[in-house]
Amino acid sequence: MTATQSSSHSSSVTRPAKQLPKSVEIHIRRRANPDSPQYWERFAIPYRPNLNIISCLLEIQKNPVTSDGRPTTPPVWSMNCLEQVCGICTMVINGKVRQSCSALIDNLDQPIKLEPMSKFPNVRDLVVDRSQMFDHLKRIHAWIELDGTHDLGPGPRMDQDDVQERYAYSRCMTCGCCLEACPQYDGDNYIGPQAIAQVRLFNMHPTGKMTRDERLEALLQEDGITNCGNAQNCVQVCPMNIPLTRAIYEENREAVVHGLFGWLKK
Amino acid sequence: MASNGIKIAIVGGGLAGLAASMKIAEAGHFVDLFSVVPVKRSHSVCAQGGINGAVNTKGEGDSTWEHFDDTVYGGDFLANQPPAKAMCEMAPAIIYLFDRMGVPFSRTQEGLLDFRRFGGTKHHRTAFAGASTGQQLLYALDEQVRRFEMGGKVKKYEHWEMMSLVLDGSGVCRGLIAMDLQTLELRAFPADAVIMATGGPGLIFGKSTNSMVCTGSAVSTCYQQGAQYANGEFIQVHPTSIPGEDKLRLMSESARGEGGRVWVPRQPGDTRLPSSIPEKERWYFLEEKYPAYGNLVPRDIATREIFQVCIEGKGVGGDNQVYLDLTHIPAETLDRKLGAILEIYEMFVGDDPRHVPMRIFPGVHYSMGGLWVDFNQRTNIPGLLAAGECDYSIHGANRLGANSLVSCVFGGFVAAPAAIEFARNIERNGADGSRIYEQELIRQREINDALIKQSGNENQYLLHQEMGKWMTDNVTVVRYNDKLKATDNKLLELMDRYKRISINDSNLWATMALPHARHLDNMLELARVITLGALNRNESRGAHFKPDFPDRDDENFLKTTIAEYSGEGPVISYEAVDVSLITPRKRDYSKGKKEGAAAASGGRGSALPHKQGAPQVPRPDAELKPENLSAPLIWGQNKEAVADPSAELTTRREQGKSIGEAGGKSD
């Protein structure tokens with residue numbers, strides 16, 4: 001943003017000379033507040049190489065004028081880490097749900113269409129309320145039950161292969177891409193791949209396993225794992241490449257066994 | 001002791017804030033946790049490398065004392081030594097606790113925790129979870145705090161921003177004012193103590209490696225209400241970041257380690273493709289200036305040289321960037337050794353670094369400075385504590401790699417019992433209690449209302465950009481007094497122009513404009529603290545480098561800078577550093593640490609209790625276990641006392657027997 005820090009003007013020296021667009025055209029699906037209707041607004045900003053969606057939004061924010069010259073309110077969006085690890089800046093870009101920090105203009109067809117995720121309450125413009133995903137984490141008891149945080153030495157020994165599988169699930173940043181892409185998920189009818197993968201994460205852990213029944217019970221509720229329609233969209237859109245369908249498969253098996261025979265334990 | 005009723009407000013839900021929340025909730029008390037983003041999205045997720053703790057599982061003779069020595073040496077002896085030592089002693093237990101919480105740390109073939117080597121040490125001391133250790137640690141704490149949230153002990157206020165403290169007539173912190181970022185509703189939150197855990201102020205420099213919430217705004221409000229800000233001028237700049245239009249992203253130093261060469265075209269402003277610039281027309285300035293080390297000069301030297309080249313207009317395309325070239329290395333080798341980091345570059349830049357040289361620039365990365373705290377994380381305002389990057393303790397003039405995560409958790413673990421201790425002994429407000437909240441609420445409302453109403457021709461985002469440019473150009477890597485003075489004048493000018501901004505969003509529902517305007521005001525105040533701290537410190541130490549004063553000057557500046565707010569700007573004073581455990585010696589990475597260490601601190605070291613390394617294979621019943629993490633940790637305030645020989649023998653463990661016993665020692 002600052003003039004001397006701005007890096008990318010010189011990309012012309014690193015890229016083969018080709019016809020570069022003069023401007024970036026962006027259409028944003030907006031909403032003033034949860035009670036008002038959505039509408040589209042068009043913006044154009046000067047093209048520079050290596051822009052991402054966030055940079056364009058920051059540019060529009062400085063001086064919010066539509067491409068036909070009409071002053072408007074600045075579009076509002078969520079952003080934080082800008083390294084695709086916090087998950088907050090997720091939106092629907094040219095019809096595909098993804099993080100806007102890692103969406104490079106040079107790789108997108110123009111005009112670029114930005115929309116808020118459709119499966120979550122729309123707060124304003126591109127901002128949505130994903131608190132339901134965090135509520136799911138409560139319902140499935142997505143944590144290890146510790147005796148206490150005092151020093152009890154190291155945790156259980158683990159095989160590096162198991163650690164790697166858990167690591168894959170543990171990278172979930174609660175961004176909501178899987179829920180947005182899931183044809184079954186529609187608000188509160190299905191707990192969804194994100195929560196199921198977290199059940200897998202904790203049920204794989206030697207200590208977590210001790211309380212796995214509680215998590216499986218959550219998956220056996222009406223909105224539980226049986227709602228999966230096996231469309232496999234989730235695993236396609238997951239920006240962290242989490243093996244979501246594998247988690248669903250494994251936990252479905254665990255849940256079914258628990259549903260059939262779990263009562264014998266009692 | 002009405003322990004049930006104690007409520008602590010914690011501002012910030014990163015590692016430090018969550019660590020403190022967990023401890024307070026576990027002790028049976030209540031937490032109001034404020035965060036501008038859902039806590040799981042805090043900046044701690046960005047830490048990649050790992051977390052330090054001397055467990056000596058590699059048979060290298062590592063010890064917590066070695067870790068401590070590396071930390072104060074790396075920090076160029078500006079850190080108070082007792083808390084740094086306490087952190088290093090607690091570090092192994094912190095790592096084991098995260099292990100028990102289920103963090104997928106990498107393992108050895110025996111299934112034990114694996115440790116890697118990191119900058120500034122010769123030991124394998126860094127536990128890591130893939131390349132996203134910060135994310136994994138944050139999630140572990142997020143999960144535990146969610147457990148306490150379910151139990152009703154923690155109440156989260158996410159998308160709420162702290163606007164100011166509520167202080168009573170005697171200057172005691174009684175809670176805070178926060179703003180709902182959707183409705184802009186201002187509300188007072190009474191609390192028995194407040195812990196600040198808001199992270200760093202990177203956005204003062206415009207773009208940095210920090211997340212977009214890292215404005216330092218909340219800390220600045222504390223400073224403006226009387227909290228002392230310490231060592232503000234110590235800002236760590238990472239030599240190789242990927243400059244983006246929106247932020248600077250870290251490029252691991254391993255790219256240089258694997259043979260990356262740094263160069264710019266000899267002809268400034270050369271617009272040819274890098275591949276068509278012949279070898280003799282490239283300036284490999286690190287290799288030329290430092291034939292012995294070449295591209296592998298230490299971090300601070302690399303940072304300064306790259307910065308200097310760009311400031312002189314010799315950067316690629318005249319911009320602030322140089323090439324970091326890996327294209328001479330076979331692509332298969334690169335994929336094998338650097339695959340993950342090359343993918344990051346590709347994802348955010350779009351170029352393939354196997355075939356096109358990367359463009360990099362030093363990026364503001366971490367603030368060693370922050371709110372002044374005593375050895376119990378207490379600020380000078382009674383009832384206000386601080387932990388994590390937003391406090392100044394532990395790192396001195398320069399932070400060691402992989403020490404940030406451990407310092408966050410340590411800070412939270414120390415602040416929590418100290419806050420409870422304070423809350424137990426403080427008398428609740430009497431009949432006039434509610435008035436102080438109402439007064440501060442009115443003050444905040446007036447500030448917001450005035451901002452919304454005012455109109456002028458200044459643009460808040462352009463002012464921020466201008467501040468960032470001045471701060472980056474003049475108050476980062478290389479500092480000159482005339483430029484620092486000019487920067488302070490510019491900041492004063494920006495403060496004046498700030499009075500003429502107009503909020504460009506007529507829709508105040510969930511607006512970004514009003515919060516940003518408030519941040520900007522606070523950032524300008526803190527920018528002056530950083531700039532004037534740098535101006536006054538006429539020496540070079542750690543991250544602070546002045547070509548006109550190239551040496552460390554212990555006689556005049558082995559001191560903590562303390563800034564206090566006044567209407568006319570920061571008032572700077574100094575406080576001696578507690579160097580009671582290791583005598584300062586020259587920091588020189590061209591030699592092994594031991595050579596200098598033996599002469600300088602051997603004598604004193606021997607007076608200390610005999611230190612043993614942890615057992616090779618850590619077992620729950622190991623004899624030298626790190627201290628009990630839940631034990632209360634209370635130390636006497638050590639603000640004035642310096643180099644007290646008796647302090648050498650007093651460890652945190654010995655002093656912190658119980659809250660009741662230790663309470664009398666704290667003042």
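User: What does the domain assignment of chain B give?

Analyst: Keep in mind that this is a predicted model. In chain B, one domain is pieced together from separate stretches, 3-231 + 368-433 + 581-663, and that is domain 1. Residues 239-364 form the other, so the assignment gives domain 1 and domain 2.

User: How many residues of domain 2 of chain B are in contact with domain 1 of chain B?

Analyst: On the domain 1 side, eight residues take part. By class, those are three nonpolar, four polar and one charged. Facing them in domain 2 of chain B, the number is 10 residues.

User: And chain A: which strand gives the largest share of the side of domain 1 that touches domain 2?

Analyst: Chain A splits into domain 1 (8-128) and domain 2 (131-265), with C-alpha centres 32 Å apart. The contact involves 12 residues of domain 1 and 13 residues of domain 2. Three residues of the domain 1 side come from residues 96-99 of chain A, and that's strand β4.

User: Which element of chain B gives the most to the side that touches chain A?

Analyst: The contact takes 88 residues from chain B and 71 residues from chain A. Several elements of chain B supply at least two residues each, including α1 (15-26), α9 (331-349) and β17 (358-367). By class, the chain B side divides into 36 nonpolar, 28 polar and 24 charged residues. The top contributor, with eight residues, is α4(B).

User: Which residue in β5(B) is the bridge partner of B:Phe115?

Analyst: Strand β4 (residues 115-117) of chain B pairs with β5(B) in the antiparallel sense over three bridges. β5 (residues 124-127) also pairs antiparallel with β3 (residues 51-52) of chain B, over two bridges. There, B:Ile51 stands opposite B:Ala127. For B:Phe115, the partner is likewise B:Ala127.

User: Which residue takes a positive phi in the hairpin of β4(B) and β5(B)?

Analyst: Between the two strands of that hairpin there are six residues. A phi near 80° turns up in this hairpin, and the residue that takes it is B:Gly120.

Technical notes
Residues are numbered from 1 along each chain as its sequence is written. Chains are lettered from A and ligands numbered from 1 in the order in which they are written. This is a predicted model: local features need pLDDT of at least 70, side-chain atom pairs count only at pLDDT 80 or more; totals for chains, interfaces and linings use all residues. Two residues are in contact if their C-beta atoms, placed from the backbone, lie within 7 Å. Helices (H or I, at least four residues) and strands (E, at least two) are DSSP runs, numbered from the N terminus. Ala, Val, Leu, Ile, Met, Phe, Trp, Tyr, Cys and Pro count as nonpolar, Asp, Glu, Lys and Arg as charged, and the others, Gly among them, as polar. Two strands pair if DSSP finds at least two bridges between them.
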